[in-house]
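The briefing that follows is arranged by topic and is meant to be read beside the coordinates. Please keep the sequence and the model open together while going through the points.

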Amino acid sequence: MVLRRLAVAGVSLALTLGTAVLTAAPTAAATPQAQPATTPPVVGRATAGDAPDIDVAKVQAHLTELNAIATRNGGTRKSSGQGYRDSVAYVKNKLQAAGYTVTEQPCTSGCSTGAGPNLIAEWPQGDAGTVYMFGSHLDSVGAGPGINDNGSGSAALLETALTLAEQNPAMAARVRFGWWTDEEQGLNGSDFYVGSLSATERAKIKAYYNFDMIASTNGGYFINHVNSAAAQPMKAYWDSLNLQPEENTEGAGRSDDYSFEQAGIATSGYAMGAGARKTSAQAAKWGGTANRAYDSCYHQSCDTTSNINSTGLNRSVDGIAYTLWKLAVANSTPANDFSLAVTPTTGNVDPGGTATSTLSTATTKGSAQTVKLSASGAPAGVTVSFSPASVTSGGSSIMTVATAPSTAPGTYPLTLTGTGSVAHSTTFTLTVKGTGSCTGQQLLANGGFENGTAPWTGDTGTIGAHSGRSAHSGSRFAWLGGYGSSATDSLSQSVTLPSGCAKATLTYWLHIDTDETDRVAYDTFRVKVGNTTLTTLSNTEAATGYTQRTLDLTPYIGQQITLTFTATEDAGLQTSFVIDDAALQTG
């Protein structure tokens with residue numbers, strides 16, 4: 001949680017949700033801030049028994065890894081450091097393996113110099129027009145590893161997301177998770193994210209839930225805007241444990257929910273307290289020590305895995321799951337239900353061609369209903385249309401997948417979704433074939449790093465006009481390594497090498513400088529395609545200025561590949577690997 005942020009005083013609004021929301025509890029002593037006058041509709045009808053019991057031991061295993069990441073990176077996971085970028089990579093890899101649509105969003109304005117990206121993950125099921133968002137900041141202060149602040153919220157969301165993917169229930173709404181950068185420097189990552197949304201996209205987010213410091217060792221049980229409509233499912237769960245939660249007055253305006261509030265989005269969330277002191281009444285109600293800080297290691301080096309209240313963490317993560325299931329998971333026994341199928345399940349076309357398939361629905365329970373059809377996952381140059389766009393369950397629709405002449409060859413899974421009272425999805429696999437001829441072209445985008453960071457992924461904070469090093473051309477470059485401590489930096493880009501070409505060549509300019517004096521390869525630089533290492537260089541190749549390097553990628557023609565540059569340093573002297581003007585030429 002950021003040290004301080006001005007809050008806007010106000011009054012609570014009495015909002016009414018649908019019948020799925022439990023009755024609000026009596027008013028707490030503290031008066032919450034005003035909430036936006038947007039009522040977040042509750043579309044699911046989950047009960048407490050439907051929501052899973054999240055394994056707190058798995059949450060703690062994530063905390064152990066975040067602590068280890070900090071240890072490997074100078075004891076911190078601050079937003080501008082390698083510890084933060086390694087934290088992003090850890091969370092991202094888990095989510096991608098589970099089937100989430102994951103995006104790294106570089107913070108290109110308003111963030112600290114060198115700050116790493118926001119990480120956004122969406123579960124690709126449910127009504128895309130109704131989104132519930134759950135977020136936490138992933139960075140720490142520079143003074144420590146930030147395991148309660150805010151590894152606790154980040155790890156709890158990660159395990160909740162993984163549990164959702166594992167159980168894969170029918171979804172009535174979309175669930176989106178956000179792990180924010182640069183919160184400790186002023187809520188900068190979430191501010192940037194909210195500012196990047198169009199009015200239409202903001203309107204889709206019906207409520208945002210924030211989790212910042214949810215395992216404080218002397219903590220209390222606090223809810224942001226405890227009596228608001230958005231807070232009702234969160235409060236209902238803690239009420240069921242007789243915790244008697246209170247308004248989070250200490251945290252008002254001090255964490256990432258504030259960015260969403262300012263945009264008119266309803267918010268709530270859990271917290272267990274930071275540097276404020278527990279009152280005698282709170283100690284009598286919740287236990288712990290009166291007149292002592294909720295977290296005595298707040299913003300200090302002692303905020304490690306030893307600074308975690310496992311009971312509070314368990315109650316928080318189970319409440320998160322309850323809220324998610326309550327809001328976004330469809331009734332496990334809907335009155336009316338349907339099935340969705342596609343025939344054929346695959347299509348093979350040349351660039352510029354079209355493929356057709358039939359989506360069939362059937363009423364499996366109750367009465368027939370209107371089912372709206374949509375598709376996601378289409379690559380650039382591909383459009384998907386349905387005729388008709390909505391059917392009555394029991395009916396069918398013709399799907400047309402049209403490709404542009406410029407569509408890159410490759411295999412693309414498309415997610416087809418039917419949305420009625422619940423949503424069901426199925427998959428159609430599109431293969432865009434090579435044309436059999438070759439037009440020579442340069443395939444690597446932004447190889448000179450002059451146009452922001454996209455489409456590079458990974459440690460994108462390494463890209464910029466950094467002081468202390470110079471570009472080969474232009475003003476920007478990628479500076480991997482150079483820490484003088486144990487660290488790893490990686491940059492990746494996915495490209496498709498068209499069929500029909502006789503040759504593909506990767507070139508890049510690399511400047512290696514080092515403080516190592518031994519002719520021993522302590523620090524390394526690798527170029528990989530997928531899991532295959534094409535070349536390994538090291539501190540022993542250090543030289544003045546840039547050297548152009550060339551690699552033959554001809555064996556990968558006709559394939560979609562992920563190209564990765566990785567620099568790895570040991571715990572000793574620094575070696576910098578500075579890349580610029582990379583290109584992948586076919587011919």
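A polar atom of the Q493 side chain lies 2.8 Å from the backbone nitrogen of A445, in what is a predicted model. Q493 belongs to strand 21, which covers residues 487–496, and with a relative accessible area of 4% this glutamine is buried. The points below begin with the surroundings of this residue and then turn to other parts of the model.

- S259 lies in helix 7, residues 257–261, and is buried, with a relative accessible area of 4%.
- The side chain of S259 makes a polar contact of 2.8 Å with the side chain of S190, while a polar contact of 2.5 Å joins the side chains of S259 and D191.
- When residues up to four places away in sequence are left out, S259 touches L187, S190, D191 and V194.
- L187 has a positive phi of about 60 degrees although it is not a glycine; its place is in the loop between strand 4 (173–180) and helix 4 (188–196), and its relative accessible area of 0% makes L187 buried.

- The structure holds 2 disulfides, one of which joins C107 to C111 with an S to S distance of 2.0 Å.
- What hand does the disulfide of C107 and C111 have? The torsion about its S-S bond is about 85 degrees, so this disulfide is right-handed.
- Both ends of this link fall under the 20% limit for burial, as C107 has a relative accessible area of 13% and C111 has a relative accessibility of 17%.
- C297 and C302 form a disulfide with their sulfur atoms 2.1 Å apart, and this link is left-handed, with -120 degrees about the S-S bond.
- C297 counts as buried at 11% relative accessibility, whereas C302 is partly exposed, with a relative accessible area of 31%.
- H299 has a phi near 60 degrees, a positive value in a residue other than glycine, and is placed in the loop between helix 8 (280–286) and helix 9 (310–328).

- Helix 2 (residues 82–98) has 17 residues and reaches 25 Å from its first C-alpha to its last, close to the 24 Å expected at 1.5 Å a residue.
- Among the buried residues of helix 2 are the charged-name positions R85, D86 and K92, together with Y84, V88, V91 and L95, and the helix is followed by G99, whose phi is positive, near 105 degrees.
- The largest nonpolar core has 66 residues, and those with the most contacts inside it are L95, Y100, F134 and W179.
- A second, separate core of 32 residues includes I463, L497, I512 and F525.
- Leaving aside neighbours within four places in sequence, F134 is in contact with residues including L157, V175, F177, Y208, Y209, F211, I320 and L324.

**The sheet of strands 19-20-27-22-25**

- An open sheet of 5 strands has the order 19-20-27-22-25, with antiparallel pairing.
- Strand 19 (463–464) and strand 25 (547–552) stand at the edges, each with a single partner strand, so one side of each is left without a neighbour in the sheet.
- Strand 22 (residues 504–514) pairs with strand 25 in the antiparallel sense over 6 bridges, and W509 stands opposite Q548 in strand 25.

Technical notes:
Residues are numbered from 1 along each chain as its sequence is written. This is a predicted model: local features need pLDDT of at least 70, side-chain atom pairs count only at pLDDT 80 or more; totals for chains, interfaces and linings use all residues. Side-chain values use heavy atoms; hydrogens and water are left out. A disulfide is a pair of cysteine sulfur atoms within 2.5 Å. Buried means under 20% relative accessible area, exposed over 50%, partly exposed in between (1.4 Å probe, protein chains only). Helices (H or I, at least four residues) and strands (E, at least two) are DSSP runs, numbered from the N terminus. A polar contact is a pair of N or O atoms within 3.5 Å; within protein, one must be able to donate a hydrogen and the other to accept it, and residues adjacent in sequence count only if both atoms are side-chain atoms. Contact means heavy atoms within 4.5 Å. The expected span of a helix is 1.5 Å times one less than its number of residues. Two strands pair if DSSP finds at least two bridges between them. A nonpolar core is a set of buried Ala, Val, Leu, Ile, Met, Phe, Trp, Tyr and Cys residues joined through side-chain atoms within 4.5 Å.
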